[in-house]
Amino acid sequence: MSFREDQLRTPWPHAIPITEDIDGYSEVVQQLLKPDSPDAVEISVPFPDEYLRAHALEVVPPLRGYYDSGTSPDGWQKISSISLHGKGTERAWVNVIQAPSDHVFLEFWKKDIDKGNSSYLICHIGEELPDRFEQFMDSAQTWFKRGYSNENSNLWVSGPSISFRGTSLCESWLSLAKTPRGPVRIIIGRKDLKGNTRTWSVPYRKGDLSRLAALRYPVKQVFSETG
């Protein structure tokens, strides 16, 4: 089979379709090839009441701006505050607070004093917590004595844990865990009925166990007063 150059047809430049832009096409064709961007439309979607009841306290701390005075205009009260540790510019602490309805909460906070960054997680607790907290402390002491906190593993080494009573909308817990090739951490978690989970954690430092143990005193006190 031979190739005949005389039968080769070369198109004129103006016959080649435009590939970089759509200039030269009619306005109707340009609209089809490159339609105008639609106008922005704002839609307001209200949060379900169930979500707000479960997560409202996570958005704005109930005692925000009134920690020094100890009481907010809405009737929230700070019962006590326990400092966990401090290293460099980092600080961590737990507030025991009481709602106007007499429900009791633990607020776990951490803050970088230099950068000003802070975070918190709030947990609802019940009157059975002090007794169960004693069991958690005993398990934590045993865990440390057996050396699990010193394991150099590529996996998390789970330590003692305690579940708070929570509410019908969410549950929360406190636990100790050895991180892979890292320090032991104090971990607080919350999970709602949909499975959405939030965690708060700080590195464990020497003496934190005794500082955590101090929580039982204000918790016992507030429940003896309200009960």
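**Group meeting: a walk through the predicted model**

The protein exposes about 15,100 Å², and carbon and sulfur atoms supply 51% of that area. Accessible areas here come from the Shrake-Rupley method with a 1.4 Å probe; for residues, only the protein chains shown count as cover.

Now the ground rules. This is a predicted model, where local features need pLDDT of at least 70, side-chain atom pairs count only at pLDDT 80 or more, and totals for chains, interfaces and linings use all residues. Residues are numbered from 1 along each chain as its sequence is written, and side-chain values use heavy atoms, with hydrogens and water left out.

Overall layout. There are 5 helices and 8 strands. Helices are DSSP runs of H or I with at least four residues, strands are runs of E with at least two, and both are numbered from the N terminus. Along the sequence the pattern reads α-α-β-β-β-β-α-β-β-β-β-α-α. Of the 227 residues, 37% are buried. Buried means under 20% relative accessible area, exposed means over 50%, and partly exposed lies in between, with a 1.4 Å probe and protein chains only. Take the contacts with a separation of 6 or more: residues 24 or more positions apart account for 45% of them. A contact means heavy atoms within 4.5 Å.

First stop, the open sheet. Its 4 strands run in the order β1-β2-β3-β4, with antiparallel pairing. Two strands pair if DSSP finds at least two bridges between them. The edges are β1 (77–87) and β4 (118–125), each pairing on one side only. From one strand to the next, the twist averages 15°. That angle uses axes fitted as lines to C-alpha atoms, for helices over the stretch in contact, and runs from 0 to 180 degrees between N-to-C directions. Strand β3 (residues 104–112) pairs with β4 over 8 bridges, antiparallel. Look for Trp 109, which stands opposite Tyr 120 in β4.

Next, helix α3. It has 17 residues and reaches 24 Å from first C-alpha to last, close to the 24 Å expected at 1.5 Å a residue. The expected span is 1.5 Å times one less than the number of residues. Which residues of α3 are buried? They are Leu 129, Pro 130, Phe 133, Phe 136, Met 137, Ala 140 and Trp 143. They cover an arc of only 125° around the axis, so they sit on the same side of α3. The arc is that of the directions from the helix axis to the C-beta atoms. On the other side, Asp 131, Gln 135 and Lys 145 are exposed. Just after α3, Gly 147 takes a positive phi of about 85°.

Zoom in on Met 137, within α3 (residues 129–145). Its relative accessible area is 3%, so Met 137 is buried. Not counting residues up to four places away in sequence, Met 137 touches Leu 209 and Ala 213. Met 137 and Ser 210 are 73 residues apart in sequence, yet 8.8 Å apart in space, C-alpha to C-alpha.

Now Ser 172, in strand β6 (residues 170–178). Is Ser 172 buried or exposed? Buried, at 2% relative accessibility. Leaving aside neighbours within four places in sequence, Ser 172 has contacts including Cys 123, His 124, Phe 164 and Gly 189.

Gly 189 leads us to the last stop. In β8, its bridge partner is Thr 199. Strands β7 (residues 184–192) and β8 (residues 197–203) run antiparallel, joined by 7 bridges. Their hairpin has 4 residues between the strands, and Gly 195 there takes a positive phi near 90°.
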